[in-house]
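Work through the two exercises below with the coordinates open. Each one gives a task, followed by a solution in steps.

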Amino acid sequence: MSSKRLIAISLAVATAVLVSEVPTATRTPRFFRDDPLGREPASQDASGAASSEIGDLYEMVYNLFATSRYKASGVRAQNINTVDEVPDSHWFTNRIGAQALTIDDLVRGPIVGDAPDPSRWTIFREKTSGVHPGITAKDAHGDTWFLQFDPKYYPDAATASVMMATKFFWALGYNQVETFLTTFDPTRVEIGPDATVRRPNGRRTPFTHDDLNAILERVARRPDGTYRVVAGRLLPGKVLGNFRYEGTRPDDPNDVVPHEHRRELRALRVFGAWTNLTDLKSANTLDTLVSENGGAVVKHWLQDVGSTFGMNNDLREWDLGWEHFYQRGTTLKRLASFGFTLGPWQTVDYVEKPSIGKFEGVRFDPRAWRPQTPTTAYMELRDDDAFWAARRVGAFNRDMIAAIVHTGQFSDSSAERALVDIMLKRRDKILQAYLPAVNPIVSPRLCESELFFDNAAVDADVAQAPRRYTAAWFEFDNATGALRPLAETSSATTVMRAPTVLPTEMGSFVSVQIAADGTDYESWRRPIRAYFRRQIDGWKLVGLDRLPEEPATLVASRR
Amino acid sequence: MRNFKLSLMPPVILLVGVLASPVFAQSTDNESRAASMEQEQAMKSTTLRPYVRSPLERAVTRFENTLLYGATKWHAFFEGSYDGGGFAPGVGYVQRVSAYNTVDVRGSQSIKRYSLAEAEFIAPRLLHRRAELSVVGGWKDATQVGFYGLGASTSTSDRADFAFEQPFAGARLKLRPTRRMLTLVGGADVARWSFKTPTGTAPAVDSLYTPATLAGLGTTTTYVHSQASVGFDWRGAPGYARRGGLYAVTAHDYTDRDSRFGFRRLDYEVTQHFPIFRESWAISVHSLASTTFAKNGQQVPFYLTPSLGGGSDLRGYSSGRFRDRNSLLLQGEWRIMVNRFFDTAVFYDAGTVARRVSELDLTGLKHDYGFGARFHTPFATVLRVDVARSSEGTTLVFGTSAAF
């Protein structure tokens, strides 16, 4: 081999080594100056997004037979910021647990406009979504509303569920439809001259009085001849159809995080369990195109959250919340045992009140909760996602829950009380299941000489405090990701003395790895990693890894 | 020298390129997380495309639209012309003639070459949705219908065959006056029974019997059949139920235009489903008693006598295995919900036939038992497969409706 060739090869190898040895960590800093991000940007004009629907049957078949066999990737949620939180976006707004919500805020929920004027309803088409009877009509002011009635066998329950659920899910951070409980008086109804209904032959023909009667015959009527309805305001913007719980919209430039890796969509497994949102499917979601800053962006809604609490499609669906419509393992067990392997739903004591439906909190197990069909985001839930969600559930106290339940305007006050009790029981079980499952240290704060933090599981009274907490302190190089050990400290409480050797220059970083010792929870021994940046006003928390995917010395590409 | 330069160029270019690339830059002050995300969004904006459904999604959605809106007019049809013909594949074409009314033209031929061709008009929302009208007309043909003699003590070796063809036309109105449990049904039809030589291996009926020993043999008879029924039906859906019941009495009048074989028939039917463990189990019982009364000086023809045996009654016996002027059927099923779409069942059937009503008792009942599997929707049984065992052997039943 010639010397020239040797030199060339050596240079090539050296280059390769240099490139591989230059830590990939240095390609981008671990923390940017705007970390932690408070809002997910939507920088591009999405006006080209077009409507696309997903068929109910396809989604059900796909989710039951394909999604149910989906192997969770274990990938950390990709839309979280550097402190393990979900930034605001067109999907989600941080509300409970992130800001102080008053009872009035919760009771108002998503409402920003006036209630409908029910003195005259003008029907112009049938209700196009959901299983419970309804119509689309304009009120006396000419505003468009989607009206939903209570079925005969569930007086109060269907409308109350919508009322309560919109407020719970609004408080939890989701975009919700403005809904009001109001009255439908058939003597004050007219059918609009252009009102139509889609017939089984696929054609739209004029809406008739018989069409209205066909609806009213199936719904609960009050003694005075009027009907209790829940009115949902027409959403602003152009309707783009449903969003899916996996992938991204290919026509929305701002939609860059696969939906199954959006934490707020994964967290619906926890929020769904709490509220028993059994009909967790794309068909109950909606995307709309709305104007913003001179352009258009896609806004994502949980449009129909009415299949909640004990509200089902039918009076006799005892299994909802306990099993998917189809589960292979359960099917085989029942087949082999002639049905003698009983599921909990076959014997559980429901609070049998017609205004509640099938709902209970005693045998409820959040990890065993099942919607009608799984979604990919549901399958991707990790313990850190569930922990995040559980903290939000835990932020609802009894007064808050009672206030929201009261908006259901139950005619049976005992039903209202029972519902509050069930929600509290289910809340506590969620806290018990998910808060201790990961290292529950939250809210680390670093002052000049002390480190403060909280233990979410202990504070929620679902776990015993550990014997002590330990902390390993490092100086952190934001450019390279390198860690230089500084000290190790410990404390029996959630206040710990900081070492005296912390860097003092502005812009410097320290990393603190905090774990618990002397506890039954193995997961607590795995430290959380907190990152602080020194600023003029002190140390600012800029990073928090609860369940990181890679060693801390590598820069994560996540945001 | 030239070669040396060429050899060095790739690694040098690579090194320089890597060192100079923006992602390698050490300066962070001008960078932000938001900017990084906006860059990603900007990149995506150059590759936007509309959502395209996969072939599977397109196919399932088309099927769904067919169910909801009748978008596809062709459909499978598995109903045979007469019991005992075996599997009868067929096809139909539905045309919606108004918002709710349909005309369905359909036909089938069974593996024993039983044929059926008919057209049915259905108006499901008459009288402000209280009534459903069905008008049907067509032609049917059965090539080897088994006849084992009258009475319960016949033997399989007694089998003889008959064959017939029959044009028919009729109308039926089903009324739910209160839109609740009370159900009234009335209808009339005309059918001509013309017999021909059977094609099976069993001897022909007319080789073993004479018109004197078997009423109706060797004649062509045109019947005007009218019926009226009153019942209480609170099952979830007739096609699939795990709760509720049906209690009904139906009166039939068969008028022979030649006044030779006119008779009346009464059917008493009770179905009751007892749900257990939140309807995950159901004990379902069914009873059907049929009695016939010949009109003055007339006879009940053998081919219209009540019969037992076949896929929905005495499932362990062949179709029409037992015939006589009166019949009694008792059935029980233990239905087990395996999942939302699939049930299994253990069943027991018993029944008998007799010349006189007073002879219908519970002694000497013919019986069978078996196991079944059913695929269903909330409202209809899509496929029923039953394996039934009786003293005459084991039979396999395929059905596209519930047994009861």
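**Exercise 1.** In this predicted model, determine the order of the 5 strands in the open sheet of chain A and how they pair.

*Solution.*
Step 1. Reading across the open sheet of chain A gives the order 14-13-16-17-18, and the pairing is antiparallel.
Step 2. Strand 14 (483-491) and strand 18 (538-545) of chain A are the edge strands, since each pairs on one side only.
Step 3. From one strand to the next, the twist averages 25°.
Step 4. Take one pair in detail: strand 13 (residues 468-476) and strand 16 (residues 509-517) of chain A run antiparallel and are joined by 9 bridges. Within strand 16 of chain A, the residue opposite A:Ala472 is A:Gln513.

**Exercise 2.** Describe how helix 11 (residues 398-406) and helix 12 (residues 413-434) of chain A cross, and state which residues make the contact.

*Solution.*
Step 1. A packed pair of helices is described by the angle and the distance between the two axes.
Step 2. For helix 11 and helix 12 of chain A, the axes come within 9 Å and cross at roughly 135°.
Step 3. An angle over 145 degrees would count as roughly antiparallel, and 65 to 115 as roughly perpendicular. Helix 11 and helix 12 of chain A are therefore oblique to each other.
Step 4. The crossing of helix 11 and helix 12 of chain A is right-handed.
Step 5. Helix 11 of chain A contributes A:Arg398, A:Ile401, A:Ala402, A:Val405 and A:His406 to the contact, while helix 12 of chain A contributes A:Glu416, A:Leu419, A:Val420, A:Met423 and A:Leu424.
Step 6. Sorted by type, the residues of this contact are 7 nonpolar, 1 polar and 2 charged.

Terms used
Residues numbered from 1 in each chain as written. Chains lettered and ligands numbered in written order. Predicted model: local features only at pLDDT ≥ 70, side-chain atom pairs only at ≥ 80, totals over all residues. Axes fitted to C-alpha atoms, helices over the stretch in contact; angles between N-to-C directions. Helix = DSSP H or I, 4+ residues; strand = E, 2+ residues; numbered from the N terminus. Parallel < 35°, antiparallel > 145°, perpendicular 65-115°, else oblique. Left-handed = near helix turned anticlockwise from the far one by under 90°. Contact = placed C-beta atoms within 7 Å. Nonpolar A, V, L, I, M, F, W, Y, C, P; charged D, E, K, R; others polar. Pairing = 2+ DSSP bridges.
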